[in-house]
Amino acid sequence: MDSEEVVNNMSPAARAGYQGYLRERGVPTLVAAGLIGRVPDVLVPTALLLLVSRNGDYLRGGTVVGVWSLTVALVTPFWGRMLSRRGRPQPRLIVLAAAQGLALTALWALNIPSARTAVLILATALTAAVAPPVTAVARNLMNTRFRDSPLRARAFAVEGAVSEIVVVAGTAAGAALASMTATMALVFAGGVRLIGVLALALPSVTGTGYVPQASAAPSPDDLERLTEAGASAQGVTAAGRSGRSAVLVLLAAVGLLLAATGALEIGLVALGVQLGG
């Protein structure tokens, strides 16, 4: 099949490019919900850093933000597995978002700059422990809906752009809110999270429903590629072991990269405060 025939067999939406993808039913809501629901992921750490470090104690601020990030990293796989086990994940995701909103409100009730460090660390860890995996659910909805669609590549490209926007918009919003409205930034983050999660539960977004990634059967193309390659059970096992090793190396590299990024963020905040003062 030549390239012209492939193009002719595409749907009108696929031939229309990114505009066609964004005109698909429910896609604008899915993109907006994923963006809004993920902004608190970077808004809260930025606001916490600025609020905790208001007295110039950047070691304390970095510790609190580190506790937040580490707790989220530890609980996200657990919540993701829980959400994917059975049924639609949106109701349970809403419960998590509501719980984190209440926890952020409780954190707001503390006088963060003068709160005891141990109390602040405990409150931060408990708040982060109920962080809903919005990114995983949004991406799974997108992947399920466009699994066999020619729009799938465009969907992932848009998802990548949304992730970059979240980092920029969330950091800017956290800094602005922390400087203008103090701890109200945390309450705002909880409200924004809940709005994004509720939008992910709309029928236009969920489409035909949620299919847990773990239960999805291999596609015919995947089976055909395995057959053509003559993959044996031993080969698959060896590949699995090699893949696990690669994943561990990748996780270690990403962890070091995130640690360096966090240190850079704290350093830039300290420099900005010093120059501004």
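Visitor: Which helix does Leu-251 lie in?
Guide: Leu-251 is in helix H13, residues 233–276. Keep in mind that this is a predicted model.

Visitor: Is Leu-251 buried or exposed?
Guide: Exposed. Its relative accessibility is 56%, and over 50% counts as exposed.

Visitor: What patch does Leu-251 form with Val-247 and Leu-248?
Guide: A nonpolar one, on the surface. Together Val-247, Leu-248 and Leu-251 have about 310 Å² of accessible area.

Visitor: Zoom out for me. How many helices and strands does the protein chain have?
Guide: There are 13 helices and zero strands.

Visitor: And what share of the residues is buried?
Guide: Of 277 residues, 34% count as buried. The chain exposes about 15300 Å². Carbon and sulfur atoms supply 67% of that area.

Visitor: What about contact range in the sequence?
Guide: Take contacts between residues at least 6 apart in sequence. Of these, 81% join residues at least 24 apart.

Visitor: Switching to H7. How far does it reach from its first C-alpha to its last?
Guide: H7 covers residues 117–129, 13 residues in total, and reaches 18 Å. That is close to the 18 Å expected at 1.5 Å a residue.

Visitor: Which residues of H7 are buried?
Guide: Leu-120, Ala-123, Thr-124, Thr-127 and Ala-128. Down the axis of H7, the buried residues fall within an arc of 130 degrees, so they line one face of the helix.

Visitor: Why would spacing like that put residues on one side?
Guide: An α-helix has 3.6 residues a turn, so residues three or four places apart point the same way.

Visitor: What do the buried residues of H7 pack against?
Guide: Three helices: H4 (27–52), H5 (58–84) and H6 (90–109). On the other side of H7, Ala-118, Leu-122 and Leu-126 are exposed.

Visitor: Now Gly-174. Where is it?
Guide: In helix H9, residues 152–180. Gly-174 counts as buried because its relative accessibility is 0%.

Visitor: Which residues does Gly-174 touch, leaving out those up to four places away in sequence?
Guide: Leu-43, Thr-46, Ala-47 and Leu-50. Gly-174 and Leu-50 are 124 residues apart in sequence, yet 8.7 Å apart in space, C-alpha to C-alpha.

Visitor: Last one, Glu-159. Buried or exposed?
Guide: Buried, at 9% relative accessibility. Beyond residues up to four places away in sequence, Glu-159 touches Arg-38, Thr-135, Arg-139 and Met-142.

Note on methods. Residues are numbered from 1 along each chain as its sequence is written. This is a predicted model: local features need pLDDT of at least 70, side-chain atom pairs count only at pLDDT 80 or more; totals for chains, interfaces and linings use all residues. Side-chain values use heavy atoms; hydrogens and water are left out. Helices (H or I, at least four residues) and strands (E, at least two) are DSSP runs, numbered from the N terminus. Buried means under 20% relative accessible area, exposed over 50%, partly exposed in between (1.4 Å probe, protein chains only). Contact means heavy atoms within 4.5 Å. Patches are made of residues with over 30% relative accessible area and no salt bridge: like charges are joined within 9 Å, nonpolar side chains (Val, Leu, Ile, Met, Phe, Trp, Tyr) within 5 Å. Accessible areas come from the Shrake-Rupley method with a 1.4 Å probe; for residues, only the protein chains shown count as cover. A salt bridge is a side-chain nitrogen of Lys or Arg within 4 Å of a carboxyl oxygen of Asp or Glu. The expected span of a helix is 1.5 Å times one less than its number of residues. The arc is that of the directions from the helix axis to the C-beta atoms.
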